[in-house]
Amino acid sequence: MHGVNLPDPGTTRGRAARLAVPAGVLAAVAGAFTYVGAVDPNEPGHYPACPLLRLTGLYCPGCGGLRSAHAVVHGDLPAALQANAPAVLGYAGFAVLWTVWVVRAVRGRPTRLDPPPVLLWTLGTLLLVFTVVRNLPFGGWLHP
């Protein structure tokens, strides 16, 4: 490109530039988990109530996500899974994708997330089934 000085991908400066965004994302996520770990969502008044739960009495797929994150921060995996198992899987999925992103950035390769539609439909369907089941009488064990 004419007139633009891009860092050489092979230099330390180039590598640092490629890692800046993943590092920023990690800092934001770590900050959020640190806050949720310090401010217990099980104590009333710290976080707003889920609008869907408040208005309809139905649990949305995210209900229990903060309690799940709090439990993960404190190393209580059974409590995290009980509060919101899909959220725990989401945290693990984020960790895997972030690691792949960093490894590819270090190697100077572009990262492109392009999941096949069948994967997106499958995940959406599983989340919908989770939401419906947790709101049925026999799905009480899925309540946060």
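Colleague: Which residues of helix H3 are buried?

Modeller: In this predicted model, Gly 65, Ser 68, Ala 69, His 70 and Ala 71 of H3 are buried. The word applies to a relative accessible area under 20%.

Colleague: What makes H3 and H4 parallel, oblique or perpendicular to each other?

Modeller: The angle decides. H3 (residues 65-73) and H4 (residues 77-106) pack at about 90°, and their axes are 7 Å apart. Angles from 65 to 115 degrees count as roughly perpendicular, and H3 and H4 are therefore described in that way.

Colleague: Which residues make the contact between H3 and H4?

Modeller: H3 contributes Gly 65, Arg 67, Ser 68, Ala 69, Ala 71 and Val 72. From H4 come Ala 79, Ala 80, Ala 83, Asn 84, Ala 87, Val 88 and Tyr 91. By class, this contact of H3 with H4 has nine nonpolar, three polar and one charged residues. After H3 comes Gly 75, with a positive phi near 75°.

Colleague: How many aromatic pairs are found in the whole structure?

Modeller: The search finds two aromatic pairs.

Colleague: What makes Tyr 35 and Tyr 47 a pair, and of which kind?

Modeller: The ring centres of Tyr 35 and Tyr 47 are 6.1 Å apart and their planes lie at 85°. Tyr 35 lies in H1 and Tyr 47 in the loop between H1 and helix H2 (51-56), so the pair ties together parts that are twelve residues apart in sequence. Tyr 35 has a relative accessible area of 46% and is partly exposed.

Colleague: Why do the side chains of Arg 112 and Asp 114 count as a salt bridge?

Modeller: The separation from N to O is 3.6 Å, and the rule asks for within 4 Å. The pair of Arg 112 and Asp 114 is a salt bridge, and the count by this rule comes to one. Arg 112 is exposed at 71% relative accessibility, and Asp 114 is exposed at 54%.

Colleague: How do you know whether Cys 63 is buried or exposed?

Modeller: Its relative accessible area is 5%, against a limit of under 20% for burial; Cys 63 is therefore buried. The residue sits in the loop between H2 and H3. Not counting residues up to four places away in sequence, Cys 63 touches Cys 50, Leu 53, Ala 83, Asn 84, Arg 134 and Pro 144.

Colleague: Is Thr 131 buried or exposed, and what makes it so?

Modeller: Thr 131, in helix H5 (residues 117-134), has a relative accessible area of 15% and is therefore buried. With residues up to four places away in sequence left out, Thr 131 touches Tyr 59, Cys 60 and Pro 61.

Note on methods:
Residues numbered from 1 in each chain as written. Predicted model: local features only at pLDDT ≥ 70, side-chain atom pairs only at ≥ 80, totals over all residues. Heavy atoms only, no water. Axes fitted to C-alpha atoms, helices over the stretch in contact; angles between N-to-C directions. Helix = DSSP H or I, 4+ residues; strand = E, 2+ residues; numbered from the N terminus. Parallel < 35°, antiparallel > 145°, perpendicular 65-115°, else oblique. Contact = heavy atoms within 4.5 Å. Nonpolar A, V, L, I, M, F, W, Y, C, P; charged D, E, K, R; others polar. Phe/Tyr/Trp six-rings, centres within 6.5 Å; stacked < 30°, edge-to-face > 60°. Buried < 20%, exposed > 50% of the residue type's maximum accessible area, 1.4 Å probe, protein only.
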